[in-house]
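Dear colleague,

Please find below the structure I promised to pass on to you. My notes on it come directly after, and I would be glad if you read them with the structure open beside you.

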Amino acid sequence: MEFITVNQARTILNEEIETKSVTYLSLTDALYHYTAKELIAGVDVPGFDNSAMDGYAFAYADFEKKLPLKITHVIKAGDISLPHIKEGEAARIFTGAPMPDGADTVVMQEKAKVENNQLFLEEQEIYKSLNVRLRASQTRKGEILVSENTYINSGLLSLLAGFGFDKIPVYSFPDVGILVTGSELVEPGKPLQPGQIYESNSPSLQSVLRDMNITSFPPEKVKDDKQSTIESINDSLNKVDVLLITGGISVGDYDFVKESLQECGVKQLFYKVQQKPGKPLFFGKKDNKYVFALPGNPASVLSCFYQYVRPFLEGIKGNKKCNNYKAKAVLDTDFYKKNTLTLFLKGYWEEGKVQILSSQESYKMDSFTIANCWIELDGQPRTLKKGEEITVWKI
């Protein structure tokens, strides 16, 4: 099948998304992963009634008598052996310290008057359990703490640490490789000869992968001949889950990627999409390994990455909202769409309005200094009017 629509390509892609294997990682190593199972609270939190303030603990019934209370004990956070607070008594207590038997209320020290080791509770708003964190008031043992497929950020890790988790089940990140084709490409930092250009696709792909917290294998430069291409593809597929190839996927005399993929046993899932930029896009599969053969022009590479590679990799990671980068915005100027291809244009989106940036050609990258979205325009040739609602994809 050739020249499928963008929506057809997305459908094929989504049907192939399957999470990676489950692994147990320490809390810090689990950062930026997605949970592979529900996580259940193994303890009550708080695990005991405790003071929310530095102050004085007493029985609310004693407060109602309007009599001074004798301070008989001091209770610190971490104390295990606790006193019994008798009628007419109070205890000096500190934040996080367990409430002693016989006390049910805490007055903060700033609102307490103490003279001769006696606590005077002056007229103020005091109620039973004031400044007391009750056992299980946040979470009760056996409750679901975190659902499956939840993104793990630092806040979530802090929550889990408070429940005693040391390792948690997460979906593994995919191993990603990058192959770069093109004899004219030179590594940045080296002098250029006539006819040569600096290779920018692999640094670009590495950076957008790093935005997803995925570290790729070191990129490999492939010679522009068929045998070298076949060897590099086979070698990479032995090491990675997803292989990204830039360039060599069109129909030129020195474009060997598509033919080499076939000889390596990679099944074509789709090739060529009715879009601009990035029409010669290949997506294929060999066993449980996947290949994206991207165009060579830098802007086309990024366009295809954000539209296809990013949601695919996010899905493998366990992100059930992997296609939720889509939003609506209104154009800030008229624009004439002159063909039936789906256009992906670099844009700047702010406060519901989107600006179509200059330098939209697939080899021009300067507009990426401010671009924060891709603008998607499909349908027949037409003039889109200022104020018309369109689709944007957040970068």
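This is a predicted model: local features need pLDDT of at least 70, side-chain atom pairs count only at pLDDT 80 or more; totals for chains, interfaces and linings use all residues.

Residues are numbered from 1 along each chain as its sequence is written, and side-chain values use heavy atoms, with hydrogens and water left out.

The structure holds 13 aromatic pairs, where rings of Phe, Tyr and Trp (its six-membered ring) pair if their centres lie within 6.5 Å, and planes under 30 degrees apart count as stacked, over 60 as edge-to-face and the rest as tilted. One of these pairs is formed by Phe305 and Tyr306, which are edge-to-face at 5.8 Å centre to centre, with 90 degrees between the planes. Both Phe305 and Tyr306 are buried (buried means under 20% relative accessible area, exposed over 50%, partly exposed in between, with a 1.4 Å probe and protein chains only). Elsewhere, Phe270, Phe283, Tyr290, Phe292, Tyr308 and Phe312 form one aromatic cluster.

A lysine also lies over a ring face in the case of Lys258, which is placed over Tyr271 at 5.0 Å from the ring centre (the criterion is NZ of Lys or CZ of Arg within 6 Å of the ring centre and within 35 degrees of the ring normal).

Turning to the sheet, six strands form an open sheet with mixed pairing, in the order β8-β5-β7-β6-β10-β9; strands (E, at least two residues) and helices (H or I, at least four) are DSSP runs numbered from the N terminus, and two strands pair if DSSP finds at least two bridges between them. β8 (105-108) and β9 (113-115) stand at the edges with a single partner strand each, so one side of each is left without a neighbour in the sheet. Within this sheet, β6 (residues 69-75) and β7 (residues 89-93) pair in the parallel sense over five bridges, and His73 stands opposite Ala91 in β7.

Finally, Arg10 lies in helix α1 (residues 6-16) and counts as buried because its relative accessibility is 13%. Leaving aside neighbours within four places in sequence, Arg10 is in contact (heavy atoms within 4.5 Å) with Gln307, Tyr308, Phe344, Glu376 and Trp393. Lys364, in the loop between β26 (353-356) and β27 (373-377), counts as partly exposed because its relative accessibility is 26%.
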